[in-house]
Amino acid sequence: MNDIGVQYPVRDGTAPDRLSDVVYDGIVGLIARGDLIINSRLPSETDLSSRFAVSRTVVREALGRLREDGVIVSRQGSGSYVTRQPDMAVLRFSQVSSLADVQRCFEFRAGHEAAAASLAAERWQEEDLQRLKDSLELLEKCLKNGTVGIEEDRRFHEAVAQATRNQYYISIQISMASHIATGMNITRQLSLMRTPERLRAVQLEHDAIFEAIQRRDQNGAGAAMQRHILNARQRMFEGV
């Protein structure tokens with residue numbers, strides 16, 4: 001355990017990308033706790049390499065992912081700077097060592113589930129559409145009751161997969177359920193802490209997916225699903 005509360009993995013045989021996840025999570029922790037504030041400069045690659053006991057190559061990989069996720073920005077000849085400060089709640093609603101994995105899961109889902117939504121728009125049958133309607137109604141109840149709705153959200157996305165009528169999409173969605181639920185827990189918990197308008201915006205994204213599928217708009221359904229997941233990914237790192 002180090003001075004910022006990150007449990008480092010055993011180095012023997014550990015894959016480099018796993019080490020970069022540790023650095024990624026550790027820097028996010030520093031930012032969320034306020035040790036690094038917005039517009040502040042990150043320590044140098046050499047300093048980060050020493051702090052996390054990893055190579056500079058691993059540090060660069062982590063910094064690259066943080067740039068992709070909009071948490072930091074690099075300035076030519078000046079270094080990397082903090083651009084977003086996630087809420088401390090992000091660390092409460094997840095294991096700190098899972099943050100990088102959650103972001104990569106969103107990254108995968110944006111492509112995979114967009115393709116599923118597009119196929120669902122082409123192939124749905126009446127029972128699929130009813131399953132989607134039912135899951136939307138359950139999500140609406142969660143919105144009105146102020147409950148998290150992780151299970152209800154998961155059911156909606158699985159209903160989209162089922163509407164593809166393709167067992168591979170269905171099995172992948174089910175096999176990833178625990179990983180998907182982790183991301184949903186973070187983003188939906190954070191949404192409960194925001195304005196009612198924020199919660200409504202999330203629900204409208206689900207509505208847009210359903211409506212595009214219902215009218216058999218394959219391009220629209222895929223785009224709506226991708227937008228929803230990428231928005232969820234961004235919402236994870238909204239903060240002060």
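Okay, let's start on the inside: the largest cavity has 15 residues lining it, and the ones nearest its centre are Asp153, Met184, Thr187, His228 and Ala232. Keep in mind that this is a predicted model.

So which helices give two or more residues to that lining? You've got H5 (99–123), H7 (150–162), H9 (177–192), H10 (196–214) and H11 (218–236). H9 hands over the largest share, five residues. As for volume, the largest cavity comes out at about 120 Å³, and the structure holds three cavities of 30 Å³ or more. By class, the lining of the largest cavity splits into five nonpolar, six polar and four charged residues.

Okay, on to the largest pocket, with a volume of about 150 Å³. H3 gives the most, three residues. If you want to click through the lining on screen, it includes Arg41, Arg60, Arg67 and Arg75, along with Glu45. The class count for this pocket is three nonpolar, four polar and five charged.

Last stop, the largest nonpolar core, which has 54 residues. Which of them touch the most other members? That's Ile27 and Ile213. Take Ile27: leaving aside its neighbours within four places in sequence, Ile27 is in contact with Leu42, Leu48, Phe52, Leu63 and Leu66.

Methods. Residues are numbered from 1 along each chain as its sequence is written. This is a predicted model: local features need pLDDT of at least 70, side-chain atom pairs count only at pLDDT 80 or more; totals for chains, interfaces and linings use all residues. Side-chain values use heavy atoms; hydrogens and water are left out. A nonpolar core is a set of buried Ala, Val, Leu, Ile, Met, Phe, Trp, Tyr and Cys residues joined through side-chain atoms within 4.5 Å. Buried means under 20% relative accessible area, exposed over 50%, partly exposed in between (1.4 Å probe, protein chains only). Contact means heavy atoms within 4.5 Å. On a 1 Å grid over the protein atoms alone, a cavity is a set of points where a 1.4 Å probe fits but cannot get out, and a pocket is an open set with protein on both sides within 12 Å along at least five of seven lines; lining residues have an atom within 4 Å of a point. Grid points are joined across faces, edges and corners, and a volume is the space filled by probe spheres set on the points. Helices (H or I, at least four residues) and strands (E, at least two) are DSSP runs, numbered from the N terminus. Ala, Val, Leu, Ile, Met, Phe, Trp, Tyr, Cys and Pro count as nonpolar, Asp, Glu, Lys and Arg as charged, and the others, Gly among them, as polar.
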